[in-house]
Amino acid sequence: MLAEVLRRLLATIPVMGVVALAVFALLHVTPGDPAVIIAGDYATTDDIARIRTRLGLDQPFHTQVAIWLGRVVRGDLGTSIFSGLPVSTLIGQRAATTIWLTLFAMLISVGVGVPIGVVAAWRKGSWLDRAVMVFAVSGFSMPTFWLGFILVYVFAITAGWLPVQGYAPLGDGVGSFFSHLILPALTLSVVYMGLIARMTRASMLGVLDEDYIRTAFAKGLAPSGVLVRHALKAASLPIVTIIGIGFALLIGGAVVTESVFALPGLGRLTVDAIVRRDYPVIQGVLLVVSGVYVMINLVVDVLYVVLDPRIRY
Amino acid sequence: MRSLNRRKFLAGAAAATAATLAPTRARAQKSGGTLRFVAQADLKILDPVWTTAYITRNHSYLVYDTLFGTDEKLQVRPQMVDKHSVSKDGMKYTFTLRDGLKWHDGQPVMAEDCTESLKRWMKKDRFGRLLAAHTARVAPVDRKTLTLELGERFGPVLEALGKPSSNVPFMMPARIAATSADEQIKEIVGSGPFRFARDEWQPGNQVVYVKHADYVPRNEAPSGSAGGKKVLLDKVIWRYMPDAATASAALAAGEIDWWEIPPIDFVPKIEQTASLTTFLPDPLGTQGWLRPNHLHPPFNNKKARQALVAMMNQEMYLQAAIGVPKYYRSCPGVFACAGPYATKAGAEGLVKQNLERARQLVKESGYDGRPVTVVHVTDIGFLSGAALVTRELLTAAGFNVDLKAMDWSTNLAVRAKKDPPDKGGWNILHTWWMAADVMHPAVHFGVSGAGPGAWFGWPEIPQLEKLITDFVRATDQPRRKQLAEEIQKIALDEVAYVPWGEWFLPTAFRKNVNGILKFIAPLFWNVSIA
């Protein structure tokens with residue numbers, strides 16, 4: 001198992017290399033030029049040319065790739081063309097917000113989605129099942145920005161219970177930290193709550209028809225014990241998979257939520273960098289996020305083995 | 001056609017301004033506290049010489065000071081300068097700095113700092129370059145005195161030094177000003193009323209400024225960027241909120257105090273909220289442009305360009321782009337209508353649309369039916385509206401139009417291309433300038449006819465360049481006005497660009513915020529929170 005984990009970790013290196021190259025190539029075929037953005041409205045063509053030269057943007061593509069990859073290998077993600085700050089500093093400033101937002105949203109999604117999915121499967125065809133499915137379909141059909149504004153209107157503007165926007169680090173106090181995260185996390189979680197509830201229900205339905213579950217009920221075990229200890233454990237592989245995918249999707253989905261709630265997270269950092277064509281920032285963030293995706297997949301694969309001893313690598 | 005004439009507009013704006021300012025000035029101004037402000041854009045670049053971005057200019061007004069300021073009546077007044085004199089022949093200016101000026105690192109401001117700052121600014125700014133071309137020497141005389149010796153006559157020396165918009169000649173320590181003008185400065189040390197808190201700067205989220213305790217304001221009342229910059233706040237926090245609905249909700253909920261530029265369609269709701277109010281800080285406004293590319297057919301032909309003037313209907317553009325008549329006005333001229341050089345000379349074609357004449361001019365130009373590439377910026381509402389109107393009018397005038405949709409950043413790259421439209425170039429683009437940047441020929445890029453050295457579109461009109469040189473060499477105002485008129489006549493006859501009107505952007509704030517000054521940039525001295 002340990003050998004497999006090590007092998008997988010090593011395998012991430014070429015994967016990251018391909019990702020890095022793809023990101024670099026994609027950015028350089030995208031229209032736009034940071035030099036003209038920096039130069040501003042008064043710039044002449046000569047001014048722009050001088051800025052391009054200074055930024056190294058006039059170098060051939062392969063030279064630019066080589067310079068960038070050389071830096072990345074040494075752990076240097078580069079410097080923002082605009083702010084002059086190291087990309088690692090910018091990511092460091094934003095990472096906590098996105099990590100907390102994603103964790104909270106996932107906690108809510110799993111904390112609500114799995115139980116209601118289990119209940120829906122257990123009471124298949126009942127009004128409860130239908131209610132859960134209506135909720136699930138509504139959840140993942142709702143546009144995040146729309147839900148965000150509704151929640152802000154109800155809980156922040158009308159009731160005044162929670163702040164409209166912004167992020168408060170843990171250092172500012174636990175109360176402030178939680179109050180700033182509740183609405184964004186709830187907004188982000190609703191989509192995945194529905195997705196996880198549906199997946200849990202479908203997976204549980206496949207297991208609840210098994211003989212050993214019938215036997216467990218026949219032996220007089222409490223329904224909660226049968227559902228959680230026997231059925232849910234056996235049905236958990238697809239659920240874990242969807243949670244893993246959900247993490248990746250949450251990081252992507254955080255862009256909209258971060259904009260609606262003015263949260264200084266990685267999503268907004270990426271979008272702002274794309275709008276300005278701040279190549280080093282885009283490349284750095286995408287590389288880091290790709291690394292996170294690869295790690296999440298690795299964790300999911302390890303969890304398969306833990307949850308189902310029949311699986312061997 | 002609905003229209004609001006200039007006099008009515010200014011009267012209304014003045015009344016509205018007086019109404020909003022009167023109560024704020026009547027209240028006692030309290031010292032201390034933190035002001036939370038939503039800026040128009042994200043501050044990413046900190047060097048006001050390296051970039052012309054308005055957000056960097058606005059940031060710099062907190063951190064840096066200037067030798068001269070511009071008051072709300074557009075008069076240039078001394079700021080860091082205590083006294084100044086001009087030699088009898090008008091060729092040598094001597095400036096003496098005020099006592100007690102200190103950089104944020106505690107060092108005294110020296111004359112040499114100012115000469116180095118001026119030299120760096122003169123390499124980048126259009127007005128600065130014009131001044132540099134007429135200057136023989138800028139040098140310190142002693143710790144507090146500097147001189148500017150002209151090589152050739154130059155009238156608006158003080159106007160250049162007190163220039164209110166980008167690039168503003170902000171003063172920096174000599175060691176920082178020694179940085180090449182093509183490189184960004186790394187250290188942010190000014191002598192302005194606020195200090196930049198670098199540790200708290202988070203690009204894309206917030207910028208923090210703290211009161212510069214050693215700042216010595218002038219004794220005069222504040223007015224624009226001139227007068228006493230008395231700081232009443234301990235701290236100013238700029239927040240960047242890309243979503244207007246979020247900023248609006250945060251302002252209503254009291255999580256922010258001042259929102260620099262709410263979109264016009266948010267303003268009525270803000271005005272209906274009891275705790276909020278709005279104010280027009282820049283009565284000069286903003287000017288819209290339709291810029292033809294002079295390098296390629298059909299607009300390398302004068303008659304085809306003149307068709308653009310004949311088809312112009314400013315009211316139609318402003319309705320589509322801005323929408324609320326209270327905040328726009330037609331302005332048939334290239335110089336800002338509230339500015340000192342506003343004139344209607346040669347602008348008859350802009351006053352009344354004449355599509356018949358436009359069609360005739362298109363025919364006479366020998367237009368061969370090739371598609372006219374119009375850049376359509378889709379992520380800035382008013383530019384998108386303007387491009388759609390242009391398509392309609394061009395079609396009505398007899399052109400075939402190819403509307404190319406793109407975001408603002410792509411537009412910036414495309415507009416810099418001199419290639420023909422079928423190879424990635426363009427024929428027509430739309431943009432806008434604050435009126436302070438189109439007030440007179442020395443700052444106005446639209447009236448430059450310097451060909452390859454002109455602003456994108458590259459009109460080559462040598463007469464304009466000569467007249468601009470005459471303008472800066474003129475030392476009396478009537479002569480300058482006469483030259484500005486001639487410049488406008490030629491600029492519109494040759495169609496360097498076509499202005500499509502002016503509009504005004506209100507600012508919104510909570511009623512407990514007092515003392516906001518009229519100026520083209522948000523100023524934070526004199527501002528307090530009750």
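Modeller: Two residues are in contact if their C-beta atoms, placed from the backbone, lie within 7 Å. The model is predicted, so local features need pLDDT of at least 70 and side-chain atom pairs pLDDT 80 or more, while totals for chains, interfaces and linings use all residues. Residues are numbered from 1 along each chain as its sequence is written, with chains lettered from A and ligands numbered from 1 in the order in which they are written.

Colleague: Which residues is B:Arg153 in contact with, leaving aside neighbours within four places in sequence?

Modeller: B:Arg153 lies in the loop between β7 (145-150) and α5 (157-161) of chain B; helices (H or I, at least four residues) and strands (E, at least two) are DSSP runs, numbered from the N terminus. Its contacts beyond those neighbours are B:Gly90, B:Arg473 and B:Thr475.

Colleague: Why is B:Arg153 classed as partly exposed?

Modeller: A residue is buried if 20 or more other C-beta atoms lie within 10 Å of its own, exposed if 12 or fewer, and partly exposed in between. B:Arg153 is partly exposed because the number of other C-beta atoms within 10 Å is 13.

Colleague: Which element gives the most to the side of chain B that touches chain A?

Modeller: The contact takes 40 residues from chain A and 33 from chain B. On the side of chain B, α7 (244-252) and α14 (408-415) are the elements that give two or more residues. With five residues, the element that gives the most is α7(B).
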